[in-house]
Amino acid sequence: MKFNYSGLNEQQVLESRQKYGANVVSTGEVETFWDKFFGNFKDPIIIILLVALIIVVLLSIFGFAPWYEGIGIGVAILMATLVATWSEYSSENEFQKLLEEASLIKIKVFRDNTLKEVPITELVTNDLVLLQSGDNVPGDGHLIDGHLSVNQAALTGESEAVKKIAISSENAEIDDKNKMFRASLIDDGEAVMKVTAVGEMTEYGKTLKELVNAESRLSPLQEKLSVLGHNISTFGYIGSTLIAIAFMYKKIFMDAGSFAIYFAQSFGAILSDFVTAFVLAVIVIVMAVPEGLPMMIAIVLSINMKKLLAEKVLVRKLLGIETAGSLTVLFTDKTGTLTQGKLVAEKFLTGDLTTYTKIEELPQDLKQSLIFAVRNNSSAVIDPSNSREEPKIVGADKTEQALLRFLEKHLLEKSNVDITEVILFNSSRKFSAMQVSGEQNLTLVKGAPEILLKNCTHYLNAQGQQVELTDQNALKEQMSALSQQAMRLLAIAVTKEPISSEQTLPESLCLVGVFGIRDGLRTTSQPAVKMAQNAGIQVVMITGDAKETAHAIAKDVGILTDDKNVVLTSSDLAQMSDEEVKKTLPHLAVVARAYPTDKSRLVKLAKELNWVVGMTGDGVNDAPAIKNADVGFAMGSGTEMTKEAGDIVILDDNFASITQAILYGRTLFKSIRKFLVFQLTVSLSAISLAFLGPFLGFELPLTMIQMLWINVIMDTLAALAFAGEPALKRYMLDKPIPKDTHLITPDMWSSILSMSAVTVILSLSFLMYDPIYNLFVHQGMDKETQNLVFLTSFFGFFVFLLNFNRFNVRTEGFNLFENINENYYFMKITYVIFGLQILFTYIGGDIMRVVGLQMMDWVYLTLLALLIIPADMIRKAIRNKLFGDPILMQADNKA
């Protein structure tokens, strides 16, 4: 080792830590389980339920309501908040583990006259740190020895490496070329840095501190649920008032005949009626509020979070999934997200104008010549020890690694040669060469094609024979085409001429071929971008690369598809007003040479257009834009600050994983809507019956306890049934849902209103049609028993009818069993509801106002309940005729 410093001693380390603080960057106060638990009680629907719970508890205290009504509502609230809290708490723990792993990084410091490895958190101000290729800079400071090539993209957004050198003397002025900043990455070189700031005193720490204090935001779903909660409460209050009035109207005018006769009764009888009307009104409010919705959302989020984690997506904030499903525009990085984040030799162009993409495609003789020319013109060390992965390449820059990786399994085939002379690469000569002897006596040359081609007199053909290179124009045209694909070109040549003492380029070269090298696209990027575009999401690539490079990559990945697409640079954006940018945004596809401020500005302006905005990023510079976006996607390889700012962490940095998050977000939204259609149909049907019953001579077709029972099994259990709906690829053919779109669509209203009407009509027919009455009453029964059997049958019919309607709701098509096996819960809960209803018919007694039924009674009521299915089939057929089949329309969108 060429560096030798004494460094701090143990006492100096302690004094420095006490004076300047530890190297710990606070990511904000971590919420405890109970903080999250009580925070979830701010949900608007939970608040409505709490009000209902308080009213029911007060009524039960004074003996006007059974005690178990309050318990039922309380259990629903607790289940919803506990599931949501546990899911989010578990997710946050996963994230904290990621941060803890980051804190386990070891750094090399000089202390007590020796070089030691210590955890990054133990670094202190005035420490001397040894920095080598591949290291992350652990604090702010300046170089006192050596030189480095530093990638500061995480801080500045600039992808080009910056040269850093040591200060000339201890008292010399320190400027930018000497300064180092936390979160930078060492690309090459070796140096010693004196630490001048650690933890929250670093530039990185200061930025993070501002970030964690930023205000939180409501997701589109939270905004829609807030509106829905207000509308449901209004509907519940109006409906409950009308039903209470209807109940008293029956008592006063239909039963008593007039005010005078009614109020001539005893005070106790009158009070009993008014209390019953009030309790009925409260139960109607409970029926109107879908208390299973918060629990259902929590369960869907929890299930999808686990599925996504298996697909390398860590959801930090559960509602981040839902927001992803509503995305209008996605601003994405290029490097490492759309591309592999490393240089790849994608093309090999030979002198006879043939292009190859893999080493095995080359003819045998030419292949062997290329392997010899590449493998022996490198000082890299190949470590084959890790048999499960690619051999490790040590001592080669990124370009040379790309060439060596092109050889694939031939990488280990180094010939038996000796190196006799070397010309090292530098920026002025633009080539390097190695003269070898032994198996073959050749000079192997690689470098810029424009330099080498000047001296190329021949090229190797497919048979490995030298052929005179008479016309280079066609070859240069092919090379120009590769350059337009954002490829960096590197020529490989051989000659028998030895290296001269002047170390100049040999005069007569034979061209082996020209490599086209670039940061290669991920194989999954193009189909993933296409999927996002089919989903109506505008994908905009933001990169620090040059405009030409960005244009080529965007075209290859499918972001640039026609002449309407706009490609801008940072300087172009700077010259445009906000209004001009807003007009351009719908057509924007690429922003090149971008700065961090460009990202934040684009997020701000897109949100002003009422778009749902997604932003990806990995560096400190990306954190503000990620924080301000509706959903921030942080890359797993990014900084702790970026992950802290993000809603979702993409652990494998893959754009395809982002589209998976979007798919699951849309699945969540679909599941919520299915549940709402089902539950509001239940509520509207039950409330309508409760309202119409008194006018048709039925005081309570369904008792208050029966309505609460229906509410429990059709709300809570149905929530579980719809929570497991599978993520179908066709959801990615829908267009994004605008922020101002109502949670309940016209098609949903058509289902809710029509199926509620059908339910009420079938129920009234059941209650009023004598032939149906005669199916359930039997000879030998007294009138009271007949009525009890009939009303018990109606109760069972009503529950069965609603349970069958769940099959209608779960699909927009006619195949009610579509993908039903992929929903683990659906059929199981269907059987549970049927089973519980049958069980409580025999054990409910007076509390439930039921009596045991005969086998044929169950057969008859089941057949009558099944009528809800053809009724909805007719509705769907009429809808498809008038407005089109939604499923076929999704396919048309794709086409």
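Select glutamate 725 to start: this residue is buried, with a relative accessible area of 3% (buried means under 20% relative accessible area, exposed over 50%, and partly exposed in between, using a 1.4 Å probe and protein chains only). You are looking at a predicted model, where local features need pLDDT of at least 70, side-chain atom pairs count only at pLDDT 80 or more, and totals for chains, interfaces and linings use all residues. Residues are numbered from 1 along each chain as its sequence is written, and side-chain values use heavy atoms, with hydrogens and water left out.

**Stop 1: a buried pair**

Glutamate 725 forms a salt bridge with arginine 810, and their closest N and O atoms are 3.4 Å apart (a salt bridge is a side-chain nitrogen of Lys or Arg within 4 Å of a carboxyl oxygen of Asp or Glu). The pair links distant parts of the chain, 85 residues apart: glutamate 725 is in the loop between helix H24 (704-723) and helix H25 (746-768), while arginine 810 is in the loop between helix H27 (783-809) and helix H28 (826-843). Helices (H or I, at least four residues) and strands (E, at least two) are DSSP runs, numbered from the N terminus. Arginine 810 counts as buried too, at 4% relative accessibility.

**Stop 2: a pair within one helix**

Next, select aspartate 872 and lysine 876, whose side chains meet in a salt bridge (3.5 Å, N to O). These residues are separated by about one helical turn because they are four residues apart in helix H31 (residues 868-883). Is aspartate 872 buried or exposed? At 1% relative accessibility, aspartate 872 counts as buried, and lysine 876 is buried at 1% as well.

**Stop 3: a mixed pair and a network**

Select lysine 250 and aspartate 255. Their side chains meet in a salt bridge of 3.1 Å, N to O. Lysine 250 is buried, with a relative accessible area of 8%, whereas aspartate 255 is partly exposed at 44%. For a network of salt bridges, select Asp578, Glu579, Lys582, Arg601, Lys604 and Glu608. The structure holds 23 salt bridges.

**Stop 4: a nonpolar patch**

Switch to a surface view and select Tyr249, Phe253, Met254, Phe259, Phe263, Phe274, Leu692, Phe695, Leu696 and Met768. Together they form a nonpolar patch with about 910 Å² of accessible area. Patches are made of residues with over 30% relative accessible area and no salt bridge; like charges are joined within 9 Å and nonpolar side chains (Val, Leu, Ile, Met, Phe, Trp, Tyr) within 5 Å. Accessible areas come from the Shrake-Rupley method with a 1.4 Å probe, and for residues only the protein chains shown count as cover. Helix H7 (residues 220-256) gives the most to the patch, with three residues. Phenylalanine 274 lies in helix H9 (residues 267-288) and is partly exposed, with a relative accessible area of 41%.

**Stop 5: an open sheet**

Back in cartoon view, which order do the eight strands of the open sheet follow? The order is E8-E26-E25-E24-E9-E21-E23-E22, with mixed pairing (two strands pair if DSSP finds at least two bridges between them). Strand E8 (313-315) and strand E22 (566-569) are the edge strands, each pairing on one side only. Zoom in on strand E9 (residues 329-333) and strand E24 (residues 613-617), which pair in the parallel sense over three bridges. Here leucine 330 stands opposite glycine 614 in E24.

**Last stop: the whole protein**

Zoom out to see 32 helices and 26 strands. Buried residues make up 54% of the 895 residues in the protein.
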